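Please look over the structure first, then try each task before reading its solution.

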Amino acid sequence: MASPGDVLRLGEDRLTFLKTAAETDGAYVEVAVEYSPASIKPPQHYHPRQTERMQVERGHLHLLLDGTLHEYGPGDEFYIPPGAVHSIWNPGPERARITWRTTPAYKTETVFETLWGLTNEGRLKPDGTPRLQMPLLALGFRDEYRVVTGRPFLVDMALCTALAPLSVAMGYRPTYRPPQERAGQPQTA
């Protein structure tokens, strides 16, 4: 479980937990994220029952929301409602920093730890597309995070349910907690 001040890294990007689900009685999770210039555009996805509120502190962000591109700069605040298909990235040239609140919390901390940790260690492709771990992630986080595949959600869930035993037999697990770093402390190897 994440604690305030825990830091996740994804290449040059950093995510710092500010408020955890435990602190807010599950009401929300709040993080600060620093995106490097021209960061990889993440896959389009949506959150079926969660709202995201983001405020740009510095730099610029692009948000592809339901097919429309939006651009945001320092001081801008925006919301992503439940079910809205989106992708967010830093178009560059400088680093961007945002404060990001997800309401309600559900298992969002574990989603961040798992996706950022596995991608940083090369266990997921840089665009966030999981390999054989996909069935377990899709089943385990279906209330928090759904990647747009072009197939109906129920078809995806049926495929994941069928493949999950193979994934487990191959040693994959539905969650992952990478080594933790605390804000202000040097990174350990």
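What follows is a set of tasks, each with a worked solution.

A note before starting: this is a predicted model, in which local features need pLDDT of at least 70 and side-chain atom pairs count only at pLDDT 80 or more, while totals for chains, interfaces and linings use all residues. Residues are numbered from 1 along each chain as its sequence is written, and side-chain values use heavy atoms, leaving out hydrogens and water.

**Exercise 1. The overall picture**

Task: Find how many helices and strands the protein has, and what share of its residues is buried.

Solution: Begin with the secondary structure, taken as DSSP runs numbered from the N terminus (helices: H or I, at least four residues; strands: E, at least two). The protein has 3 helices and 12 strands.

Next, sort residues by relative accessible area: buried is under 20%, exposed over 50%, and partly exposed in between (1.4 Å probe, protein chains only). Of the 189 residues, 45% are buried.

Then turn to contacts, meaning heavy atoms within 4.5 Å. Among contacts between residues at least 6 apart in sequence, 69% join residues at least 24 apart.

Finally, consider the surface, using Shrake-Rupley areas with a 1.4 Å probe, where for residues only the protein chains shown count as cover. The protein exposes about 9400 Å², and carbon and sulfur atoms supply 56% of that area.

**Exercise 2. Helix α1**

Now look at burial. In α1, 11 of the 13 residues are buried, so the helix is largely enclosed by the rest of the structure. Among them are Val111, Phe112, Leu115, Trp116 and Leu118.

**Exercise 3. Aromatic pairs**

Task: Describe the geometry of the ring pair Phe17 and Phe112, then that of Tyr72 and Phe78.

Solution: A pair of aromatic rings is described by the distance of the centres and the angle of the planes. Rings of Phe, Tyr and Trp (its six-membered ring) pair if their centres lie within 6.5 Å; planes under 30 degrees apart are stacked, over 60 edge-to-face, and the rest tilted. By this rule there are 3 aromatic pairs.

For Phe17 and Phe112, the centres are 6.4 Å apart and the planes are at 65°, so the pair is edge-to-face. Phe17 belongs to strand β2 and Phe112 to helix α1, so this pair ties together parts that are 95 residues apart in sequence. Phe17 has 1% relative accessibility and counts as buried; Phe112 is buried too, at 7%.

Tyr72 and Phe78 are stacked, with 4.2 Å centre to centre and 15° between the planes. Both of these residues are buried.

Last, check for a cluster: ring pairs link Phe17, Trp100 and Phe112.

**Exercise 4. Salt bridges**

Task: Locate the partners in the salt bridges Glu30 with Arg53 and Arg49 with Asp143, and decide whether each residue is buried or partly exposed.

Solution: A salt bridge needs a side-chain nitrogen of Lys or Arg within 4 Å of a carboxyl oxygen of Asp or Glu. The count comes to 8 salt bridges.

In the bridge between Glu30 and Arg53, the closest N and O atoms are 3.3 Å apart. Glu30 sits in strand β3 and Arg53 in strand β5 (residues 51-58), so the pair ties together parts that are 23 residues apart in sequence. Glu30 is buried at 10% relative accessibility, and Arg53 is buried at 16%.

In the bridge between Arg49 and Asp143, the closest N and O atoms are 3.8 Å apart. Arg49 lies in the loop between β4 (45-46) and β5, and Asp143 in the loop between α2 and β11 (146-147), so the pair ties together parts that are 94 residues apart in sequence. Arg49 is partly exposed at 44%, as is Asp143 at 32%.
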